[in-house]
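Work through these exercises with the structure open. Each task is followed by its solution.

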Amino acid sequence: MSPGTLFSDLCALMEKLESTKKRGEMIWEAAELLKRLLQEELMPSTLFLTGKAFPSYDERTLEVSGATLWRVVLRTTSASPDELGKAFDDTGDFGDAVQKVLLKKSSAQKQDTLLSRPPLTILEVKRQLDELAKVFGNGARKRKERIIEGLLARSSPVEAKFIIRMILGEMRTGFQEGLLVEALSKAFNVSSDLVRRAAMITGDLGVVAEATYDGGEQAVSSLHVEPFHVIKPMLAANASGVKEALSEFGGTSAFEYKLDGARVQIHISKGDVRIWSRRLTEVTESLPDVSQQIKTRLDVGSAILEGEVVAVSHDGRPLPFQHLMRRFRRRHDVDKQIQKIPTELYLFDLLYLDGESLIDKPYTERRTILSNLTDGIHLVRNIVTSDVSAAEKLLEEAVQLGHEGLVAKNLKGTYTPGIRGKKWLKIKQVMESLDLVITEAEYGYGKRHEWLSDYTLSARDEETGKFMPLGKTFKGLTDQEIKDMTSRLQSLTIAKRGRRVIVKPDIVVETVFNEIQESPKYESGMALRFARITRIRLDKSADEADTIARVRGLYEKQFKYKASMQPE
Ligand code: AMP
C-alpha cells in the first residue's frame with residue numbers, strides 16, 4: 001500500500017500560496033496538488049489548507065496554548081528563549097520564527113534526525129492531530145506536549161512552520177474557503193456553485209472533495225439531503241428586539257423560545273436513530289434516552305429533525321449547559337451519567353420526511369408537518385403574531401422561565417444549511433456585565449506579538465482582599481486601545497513569566513460574557529465563558545471592581561428557573 005502523499009508536498013504548495021497574491025495562480029497551484037491526492041487525503045488536505053485541524057462543525061479542538069507551544073519549541077529546537085524571542089520579534093509570526101530558528105540549526109544534527117525518521121505524510125499529521133484532540137483531563141498538558149514534540153522532531157523547518165500555524169489555527173497563506181471551492185471545482189471539473197451548495201448540505205468541503213474524487217459532477221449533485229448524511233445547521237442572526245424582527249419579516253413572525261441546551265440533528269431511517277451535535281459530531285451514544293424517545297414516540301419511516309436537548313435535574317429543572325456538555329463527552333458509562341443528568345428533548349424543525357427533502361419548504365409548512373408527527377415529544381413553544389406586545393410578553397415569559405430569549409422565524413423562510421441569514425433572528429436578554437481587574441497579561445501572536453493583548457480577568461474576594469481569576473480574553477479592544485493598554489500594563493508589571501506578565505491589580509474593565517460556568521481551573525470555582533471587554537473603566541479603581549460574591553450571585557441567578565419548560 002502506498003504510504004501516501006508527503007506532508008512536505010502540501011507545505012511546498014502552501015509556501016507557493018503564501019508567496020503570491022494572485023487568485024488565479026493560487027487556484028491553479030492548489031488544483032494541481034488536489035488532483036494528485038489519494039481520496040482519503042482530500043479531507044485532511046482541504047482542512048489543512050484553510051488552517052483547520054477539524055471541520056468547523058466538529059466539536060473537537062486542539063486546545064494548545066501559545067505558552068505550551070513555546071515550551072515545546074524551545075525543547076525540540078534547543079534554541080534559547082532569547083533566540084526564539086528574537087526570531088519572533090523579527091518575523092512577527094510564531095511559525096516563521098520556528099522555521100528561522102530551525103534553519104539556523106540545520107546542522108548535521110538536525111539532518112541526522114530527519115534522515116533517521118520516516119518522513120511525515122499528510123495522513124500521519126492528521127492522525128497526530130486527532131490524537132492531540134483526544135487528550136484531556138489530568139496530565140493532559142504533558143501528553144499534548146509529547147505529541148507535538150514527536151511531530152516537530154520529524155519536521156523539516158518548513159513543515160514545522162505550518163504545523164505550528166495549524167495548531168494556532170491560522171495558515172496565513174491567504175488561501176480562503178472561497179478559493180478552495182474554486183480549486184476543487186477546477187481539479188475535479190465540477191461547477192463551483194455545485195461544490196458550494198454540496199458543502200452546505202454535507203457540512204464540509206472535504207466531503208464534497210471525496211465524493212468528487214470518483215464520481216465527478218454527478219456525485220456532487222447527488223449529495224442531497226438524506227438520512228445519516230448530516231446537514232450543516234442553519235444559524236440565526238442577531239436582532240435587537242421583537243420590533244426589529246417584526247419589521248424585518250414584513251409585520252408578522254413566528255417567535256419560539258430560545259432554549260439554552262445543545263442543538264441536535266436527529267436522523268431516522270428504518271428504525272435506526274442517529275444523532276449529531278450542532279458541530280456535527282455524532283452523539284448518538286451519549287443520548288440513548290433521546291433515541292429511545294424518538295423510536296417509541298415517532299411513527300415515521302425516515303426523517304431528519306432538529307431540536308434542542310436540555311439537561312434537567314431530577315425535579316425537572318433545567319441544568320446549566322455544561323452538565324449537558326459533560327454528558328456529550330462521555331461515551332462509556334452512559335447509564336450512570338443518564339441517571340445523573342437526565343435530558344429533555346424539544347423539537348423545532350423538520351428537514352426531511354419519508355423520502356422528501358423539506359429544506360426548500362417554508363417554515364410554516366415544516367412546522368405544521370412536524371406538529372402533526374410528534375406524539376408526546378415536546379415541540380419548542382412558539383406563537384405566530386404581528387402584535388409587538390404579544391411577542392414581548394412571550395420574551396418576558398421565556399426569560400422568566402430561564403431561557404435565553406426568543407428566536408424569531410420568518411414564516412416564509414426556507415432552511416438554508418450553514419447560513420447565518422436573516423430568516424432566523426435571535427433575541428437574547430442582555431446579560432449583566434462585570435467590572436473586573438486585569439491581573440495578568442500575555443503577548444499576542446501574529447500582528448499582536450508586540451502587544452499585551454490577552455488578559456486574565458479577576459474579581460475581588462472581599463473577605464481576603466485577593467483578586468481571583470475568572471477567565472481570559474483577547475476580545476473587545478481596538479488595536480489602539482491594546483497598544484495603550486500594553487504600556488500601562490508594562491508599567492504595572494510585577495513579574496515576568498516568559499511571554500506572560502503578572503501585573504499589579506489596577507486596571508478595571510467592563511466585561512460581558514455568555515455564561516458563568518462552574519470550573520475547577522480557577523480557585524474561585526467559576527469561569528466566564530466567552531468573555532469580551534466592552535469598556536475600560538478608567539473611572540474605577542481595583543477596589544471598586546465587582547466581587548466574587550456578586551459573580552456567585554449572578555451564577556446562581558442564571559439557573560434559577562421557575563419551573564420546568566412548557567411543552568406546546
Ligand atoms: P446562538 O448559539 O446564539 O447562535 O443561537 C443559535 C442556537 O440557539 C441554535 O444553534 C440552537 O442550538 C439554539 N436554539 C434554541 N432554541 C432554538 C429555537 N427555537 N430555534 C432555533 N435554534 C434554537
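**Exercise 1.** In β11, which residue is the bridge partner of A236?

Solution. The model is predicted: local features need pLDDT of at least 70, side-chain atom pairs count only at pLDDT 80 or more, and totals for chains, interfaces and linings use all residues. Residues are numbered from 1 along each chain as its sequence is written, and side-chain values use heavy atoms, without hydrogens and water. Start at A236: its partner in β11 is G421. Next, take the strands: β1 and β11 (residues 420-428) run parallel and are joined by four bridges. Strands here are DSSP runs (E, at least two residues), helices likewise (H or I, at least four), numbered from the N terminus.

**Exercise 2.** Find the order of the five strands in the open sheet.

Solution. The order is β1-β11-β10-β2-β9, with mixed pairing. Two strands pair if DSSP finds at least two bridges between them. β1 (235-238) and β9 (382-385) are the edge strands, each pairing on one side only.

**Exercise 3.** Which strands does helix α18 touch?

Solution. Contact means heavy atoms within 4.5 Å. Helix α18 (residues 363-373) packs on the sheet and touches β2 (253-258), β9 and β10 (405-409).

**Exercise 4.** Which residues of helix α15 are buried?

Solution. Buried means under 20% relative accessible area (1.4 Å probe, protein chains only). In α15 (residues 288-297), V290, S291, Q293 and I294 qualify. Viewed down the helix axis, they fall within an arc of 160 degrees, so they line one face of α15. The arc uses directions from the helix axis to the C-beta atoms. Their cover includes β3 (262-269), β4 (272-277), β5 (302-311) and β6 (343-353).

Terms used
Buried < 20%, exposed > 50% of the residue type's maximum accessible area, 1.4 Å probe, protein only. Axes fitted to C-alpha atoms, helices over the stretch in contact; angles between N-to-C directions.
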